[in-house]
Amino acid sequence: MDLDALRNADFSLLDDAVDDWSTMVKDLEALKEEAEKGLRGTANKAEWAGYNADVSKEFIGKTTEEFKDAHGQADSIYKILRDTRDELKGYKGQLVDAIERGRQKKLTVIGYEGGFTVTTDIPPEGRAQEDKDNKGEITALRDELQKILDKATESDKTASTVLMAIADQSRLGFSDADYNSRDEAADAIKKADELARLAKKKPEDLTPAEFDRLNKGLKDYADDELFAERFATSLGPNGTLNFWTGVNDPNSAWELGHKRSDKFDDLQKNLSLTLATASQSDSADMSDWKYRMTDLADKPVGRNGGFPLGAQVMTNLMRFGNYDDRFLADYGDKLIETEKKFTDNGRHGAWTRTGGDPLLNRTGTDSGWDPMTGYLKGLSNNPDAATEFFNGTFVTKDEDHDFTHDTDGDGKEGKRTLSNFDYLFEERDWPQDTDDKGEDSIAGRNNLALALEAATTGHPAGEIPTADTPPHNAEQARLMENLVASISEDPGRLTDNGYMSDSMGQIASEYLADINRATADAPEGNDSVARLFPISGVPAEMQHVDVTRFLVAVGQDPEGYAAIEVSQKTYMARLMDYHLNPDLPADHRYDQSAEATVKEIARRSGEIGGTLALGRNEAVLGPAKEADGDFENAVNQKKNFTAGTIGTLVGVGTSFIASPAVGAGIGGAAGTATSMVLEQFYKDSDPEFTKELGRDIGERWENSKDANTAMAHNAAVAAAKAHNTAYVDSVDEWARIGTTDGFDDASTAGHQMARDLEIEIPD
């Protein structure tokens, strides 16, 4: 900064800008609160259907987040401008004061473009001696002025840097960058540059102390947008791949391997989270980073050629964090292209690790050599990208491959088109791998299940639907249809990999309305069943026989069984309350009597309970030999998730959203009915209660039926009493009849399944 520019600076325009931004921050804060309470609050309470359910509610949710981001970004800009203005005003004051003190000592400061001079104001004839006598004072003033100008320059430069960085984060809309001061934002960028320099060092030159600084810095700043973008782009795509590969190579990072290997898992997580945050940036440099990183997926890392490939390295850095959906989708396309190349379009396996290959994954679940394992874990955190990926095409029927089926029922095999879901769930030759205990790794297929959970439900795997979770869209519903049909075709796809069942159970718990509809066998065009089991969003159209086989398969795993059982009981209670409400609008009402309504709800719930009981019996009495206690404990674990948040936490939120205008929310009558049902359910499944029950096949079946009957009774009676209906004394018998019919339906369907698949199902 030139001396005269600061000495003559007029801050009036900057003052106006700071005032304007202060006003904007206040206005945006009011808009943010109104959007949160008004737009989002109203949207979450409203009843959505059709196109509105699929698009409008989600749009409103995203718009609300934009108001939040706009406020945060505006507040950051205001604070940066305020801090910079105040500093520059201070530096101007210091500069003017220093010049004045010099004047009093007969020193003159002359500014010019690019610098300034300090001299005396003595007449020329006596100046030489005076300059010699005052040389120390001249030098001191010059140095003081230069320090002031250096600080002002740094203040102005850092403000420009962070303002440009914030503006570059989002090409459209607003980023969620939010800083309390200019220095906080500037420090994030400086820290990124410092840590990127460490990551660029040769692995053998990186000391344990530097490793610790890098690891801690990434942990502290992983969520900081400016830091993450700066770190990633400074390190670059090649640098990122070389860094992680080098750290894990015992031949190059010998000292780190001996002294810090126990911290490699932390570094992997912190680096993954940082890169995920960086991927959300729309800056030109980050856009180029994502493009080049994708291009490197099928290219060797390092200069020696061979393996590992870029995809094998990068996918292990995708396991944590919320990556940009577009980047993940593009990377998935490239990964599928690479998979096809190295497996000859799926004809054989690939990615098998040999003893000399470095570990690329440090979480302990697998070696990281199979790029699909890490990528699927990344998809499990990114629902939209997961849905798009699984519905994508692996091979078309016109490509060169060996996947065939009977195309027209004439017994002749023809090539078929495979989606990415078809290939990964049904056809892929998964490579053998081991975990850190030396046991066979299950990470690949388990991550596949987690990714499918995200793809079908619309929220990250392991989480629960909230009021903001959009209803199922057409792509999610189609994937659910394919998943159920695939397991129905070959239940072993799930039962041979039982660890996938917890995700399948959670998925089913969020499609209960669709599943109940499928068991009702409604004729095409009959909308009465649709009214009985209302769906917000696009329904998944499934065959009754497929649902039966799916539920039997999932029911053989304690966690899968518990997820559906608890959710179905909750769903039944809410349905009872919804349909027994006399204020329900006519266009929402099931077009049958109250008796038929209660019987049908109880019957469908009974069939689902009975079908799950078949699966549980198969698990306990069949080859798997699961313990009854495992199922009971899994059910009782749900207490921790349903307390105080009944309905949404068990997966009902997105599959059944009833109109609040008719009192069918979580609270009130619906909450009472649900609480009674779950209280009975947990009591019936408590190990202390069940340990004395009979354990032969017949008694198991009758015990399960009795328990389901009691819960249907509780739900119906609670709903009837809450709405003060005239048939309180009758609903008990209606619920009993409906549940009995449902269990009979389950038995019939289960035995038909056994005949079709030539298996034995005990009941």
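Trainee: How many helices and strands does the chain have?
Mentor: In this predicted model, the chain has 31 helices and 6 strands.

Trainee: And what share of the residues is buried?
Mentor: Of the 763 residues in the chain, 54% are buried.

Trainee: What about contacts between residues at least 6 apart in sequence, what percentage of them join residues at least 24 apart?
Mentor: For contacts of that kind in the chain, the share joining residues at least 24 apart is 76%.

Trainee: Which residues have the most contacts inside the largest nonpolar core?
Mentor: They are Phe-231, Met-314, Leu-376, Phe-390 and Met-504, in a core that has 128 residues. As general background, nonpolar side chains tend to be buried together in soluble globular proteins.

Trainee: Take Phe-231, then: what does Phe-231 touch?
Mentor: Leaving aside residues up to four places away in sequence, Phe-231 touches Ala-192, Leu-195, Ala-196 and Ala-199, along with Leu-214, Leu-218, Leu-271 and Thr-274. Another core, of 19 residues, lies apart from the largest one, and Ile-99, Ile-138, Leu-141 and Leu-145 are among its residues.

Trainee: Switching to helices, at what angle do H23 and H25 pack?
Mentor: Helix H23, residues 544–554, and helix H25, residues 594–621, pack at an angle of about 45 degrees, and their axes are 7 Å apart. Because of that angle, H23 counts as oblique to H25.

Trainee: Which residues make the contact?
Mentor: On H23 they are His-544, Thr-548, Leu-551 and Val-552, while H25 contributes Glu-607, Ile-608, Thr-611, Leu-612, Leu-614 and Gly-615. By kind, the residues of this contact divide into 5 nonpolar, 4 polar and 1 charged.

Trainee: I was also looking at Pro-558; where is Pro-558 placed, which helix?
Mentor: Pro-558 is in helix H24, which covers residues 558–579.

Trainee: Is Pro-558 buried or exposed?
Mentor: Pro-558 is buried, because its relative accessible area is 9%, and the cut-off for buried is under 20%.

Trainee: So what does Pro-558 touch?
Mentor: Not counting residues up to four places away in sequence, Pro-558 touches Glu-626, Asp-630, Phe-631 and Ala-634. Pro-558 and Ala-619, which are 61 residues apart in sequence, are 8.9 Å apart in space from C-alpha to C-alpha.

Trainee: Last topic, confidence: what is the mean pLDDT of the chain?
Mentor: The mean pLDDT of the chain is 84, with 83% of its residues reaching 70 or more.

Trainee: Where does pLDDT stay under 50?
Mentor: One such stretch is residues 48–53, for which the model has 11 contacts beyond four places in sequence. Residues 687–694 also stay under 50, and for them the model has 12 contacts beyond four places in sequence.

Definitions and conventions
Residues are numbered from 1 along each chain as its sequence is written. This is a predicted model: local features need pLDDT of at least 70, side-chain atom pairs count only at pLDDT 80 or more; totals for chains, interfaces and linings use all residues. Side-chain values use heavy atoms; hydrogens and water are left out. Axes are lines fitted to C-alpha atoms, for helices over the stretch in contact, and angles run from 0 to 180 degrees between N-to-C directions. Helices (H or I, at least four residues) and strands (E, at least two) are DSSP runs, numbered from the N terminus. Angles under 35 degrees count as roughly parallel, over 145 as roughly antiparallel, 65 to 115 as roughly perpendicular and the rest as oblique. Contact means heavy atoms within 4.5 Å. Ala, Val, Leu, Ile, Met, Phe, Trp, Tyr, Cys and Pro count as nonpolar, Asp, Glu, Lys and Arg as charged, and the others, Gly among them, as polar. pLDDT is the predictor's confidence in each residue, from 0 to 100. A nonpolar core is a set of buried Ala, Val, Leu, Ile, Met, Phe, Trp, Tyr and Cys residues joined through side-chain atoms within 4.5 Å. Buried means under 20% relative accessible area, exposed over 50%, partly exposed in between (1.4 Å probe, protein chains only).
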